[in-house]
Amino acid sequence: MRLALRLNLLLIAGVAAVAMGFAYYQVRSERRGLERDLQRQALDLAESQAKAVEPLLAAHSYKSLQAFVDRSAGRERLAGMMVSDTAGQPVAITSDLVARLNGKPPAILQVDGAEEARGEFIQLGGVRMHAAIAPVRAGETTIGTLAVFHDAAYIDTRVGDAWRRTLASVAFQTLLIAAVTLLTVRWGLGKPMQQMARWMRDLRTSSEAPAPELPGSGEFESFTREVSHLATSFTAARAAAEEEARLRESAESQWTKDRLRIFVQGRLGDSRLVVVSNREPYEHFHRASGIEWSVPASGLVTAQEPILRACAGTWIAQATGDADRETSDERGCLRVPPDHPQYTLRRVWLTEEEVKGFYLGFANEGLWPLCHIAHTRPTFRAEDWKQYEAVNRKFAAAVLREIRGEQDPVVLVQDYHFALMPKLIKKARPDARVAIFWHIPWPNPEAFGICPWQRELLEGLLGADLVGFHIQAHCNNFLETVDRVLESRIEWDRNAVMRHGHLTAVRRFPISVAMDPEQNGSSASSELQYLERAELLAKHGVRAAFMGIGVDRVDYTKGILERFRGLERFFEKYPAYRGEFTFVQIGAPSRSEIRRYHDFMLEVEQEAERINARFQTSEWKPIILLTRHHTREEILPYYRTADLCMVTSLHDGMNLVAKEYVATRSDGHGVLILSRFTGASHELVDALVVNPYDTEEVATAIHRALEMPPEKSRLRMSRMRAVVKEHNIYRWAGNLIAELCEIRTSATPAEQDAADTVLKS
Ligand code: ADQ
């Protein structure tokens, strides 16, 4: 039976039962009320008439008595009256009553000497009547009785009417409810269900994921959300399967999420994978609407997330959200991503003092400017160093707890926050394979040499079996620095350092982004793209035909001011583009507790304002500066529709924004302007490569990008896409893990001997 019918029948039965019960109660009350009224009237009448007949009965004037009772016959509903003597013998009676009594007087008429009037309902001659009897008294003596009879049939008639009315009302209500239920089921449930079924059928039968057309609010919200997740997983799985099939067919070796998962499972076997970084991939915050989570703006997070998702390992990181405690268990663990759990995040809490010394101080005021040659002086303080050491020990302890009892665990340490950790872990667990990936550049030995703790940092790093950088130049700088500072043997031919019998391989692993199958989807028409771009700009009160995009953490290494100056020069040199081209700069505030960053944000805002004030009109401005964190979903439309993307870092390990822009342009349009000081410029040679310090060159590059013939820009974009597709994040992770698993965790005797000889000589 269909749901609507079943629901209707149940509702009707329920409503009818309740309505009938209620009606029965109402009708019964009405009957009781009518009977009570009749009884009261009848008793009053019997008593008053008894008083009236007393002189006549006392005087035995029976004729007058008969005339009296006959006169009463016309009263409303009065069916008869009877006066009897003390023996109960009628002495006067209305004629109708004689026939009805028919020699069988009802029990109530029997003389019982009662002194009060009384009454009851009786059946008389097949009719329901009310009989009331009152004593006729002469002084203290009862000399007879007077009985009045009322026709009570009208009560049944009234009760019958009440039943009819109630039944009609029940029928009407039932019909109404049935109709409303039908409509509710049809529109409230049936329509969304049909909509969902249609959408699922399209999803199943068409090769491209149809745009979700689902009920989005109210009771269906969570249902819709889960169905959408399911659909996304389904689309991704299908795309991956198709991709695998295609790869098998063409014997290509492209890395995918699934290939990485299978590869890592094969290589790691039962070994546990633990990733450590300072930045956590998910932060929980208290908001007005409750606890919410967000993904911080960080290249490292962008890069690591797909690996953890693929390998279901554990990610250890600093807790930085104000609702992180409430969302983790007593060990600081939770499953993430929160909406689709795939791996474990273990949070470590730091004190304010630790954050100040370790993160803001040594890591970001010391190591960050030390490694980025961007003309900001590094600051090294002894108390910051102490905290840096202490926090490295704290995180190492967390890792050791996590791998306790695990056989041959694999630990991937991330970045310049944890230079000391490889040594700490290896000392406690020589069987663990430990790698550290340095996401930022490594400067030349002279530059690095200004760090008072360079020796300790290098020793910490060389505890690792593998040290990774984005490009070969950073590997070379590192090896040269080790050569300059520590007693060790550098094996230049195989990029490795042998020290105290431990070999550390130094390798180049250019990091990348995921170019998921969904990002390879069909491209929107240029007309649609134009409209989407216009809509994005209109949100900021700007009308322009062309749009450029820049996405960065607001950091002095990213060359944002140089970019703005390049834009200013562009509008000076090519005034025809005023009112036509707008640059959107998405800038997430970063490390704002550090004075340099705080001041830099102000500088960026002032510079944008200054340039805007020079050129802007009522409907247009050259720069739209959006200084807040944006979600990936918010950034995507800008990447997808921008005519050009500018990455003008003064120094950058890799720069993932450049790769994200390329990965997003499945339509083949768009031009990338890329600083030659980024790691990315070594791979994306089809970008317009610029020196960000050369304002003139940046301005010319913007002009070239906007004027580039479509066939040329398409060719450049397709070549860059081929690079990103081939060298994606899964390849990065696969290569890193492959390399790590091949490394012996101890030196061969021959290596040991050779190292000892070198050190002795
Ligand atoms: P980052 O210096 O953080 O990373 P980058 O590689 O440019 O720099 O990555 C930034 C990431 O944050 C990108 O994924 C970008 O989309 C995102 N992002 C930037 N601004 C944002 C905003 N306003 N809102 C939201 N998200 C934003 C470090 C090194 C890099 C190296 C990476 C990875 O400095 O050289 O490429 O690690 O190794």
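Two helices are in contact here when heavy atoms lie within 4.5 Å of each other, and helices themselves (H or I, at least four residues) and strands (E, at least two) are DSSP runs numbered from the N terminus. The model you are looking at is predicted, so local features need pLDDT of at least 70 and side-chain atom pairs count only at pLDDT 80 or more, while totals for chains, interfaces and linings use all residues. Residues are numbered from 1 along each chain as its sequence is written, and side-chain values use heavy atoms, with hydrogens and water left out.

Let's start with helix 6 (residues 257-268) and helix 21 (residues 729-742). In helix 6, Lys257, Leu260, Phe263, Val264, Arg267 and Leu268 meet Tyr730, Ala733, Gly734, Ile737, Ala738, Cys741 and Glu742 of helix 21. This contact has nine nonpolar, one polar and three charged residues; Ala, Val, Leu, Ile, Met, Phe, Trp, Tyr, Cys and Pro count as nonpolar, Asp, Glu, Lys and Arg as charged, and the others, Gly among them, as polar. The two helices pack at an angle of about 10°, with axes 10 Å apart. Axes are lines fitted to C-alpha atoms, for helices over the stretch in contact, and angles run from 0 to 180 degrees between N-to-C directions. Helix 6 and helix 21 are therefore roughly parallel (angles under 35 degrees count as roughly parallel, over 145 as roughly antiparallel, 65 to 115 as roughly perpendicular and the rest as oblique).

Now move to helix 18 (residues 656-664), which packs against helix 20 (residues 710-726) at about 110°, with the axes 9 Å apart. That angle is why helix 18 and helix 20 are roughly perpendicular. Lys659, Tyr661, Val662, Ala663 and Thr664 of helix 18 meet Met717, Met720, Arg721 and Val724 of helix 20. Sorted by class, this contact has six nonpolar, one polar and two charged residues.

Helix 18 has another partner: its axis and that of helix 17 (residues 632-641) come within 9 Å and cross at roughly 70°. This makes helix 17 roughly perpendicular to helix 18. Leu636, Tyr639 and Arg640 of helix 17 make the contact with Val657, Glu660, Tyr661 and Thr664 of helix 18.

Glu660 also leads us to the ligand, where an oxygen atom of the ligand is 2.4 Å from an N or O atom in the Glu660 side chain. For Arg553, a side-chain N or O atom is 2.8 Å from a ligand oxygen atom. Such a polar contact is a pair of N or O atoms within 3.5 Å; within protein, one must be able to donate a hydrogen and the other to accept it, and residues adjacent in sequence count only if both atoms are side-chain atoms.

Finally, look at two backbone details. Most residues other than glycine have a negative phi, and most peptide bonds are trans. The bond from Val336 to Pro337, however, is cis, with omega near -10°. His375 has a positive phi of about 65° although it is not a glycine.
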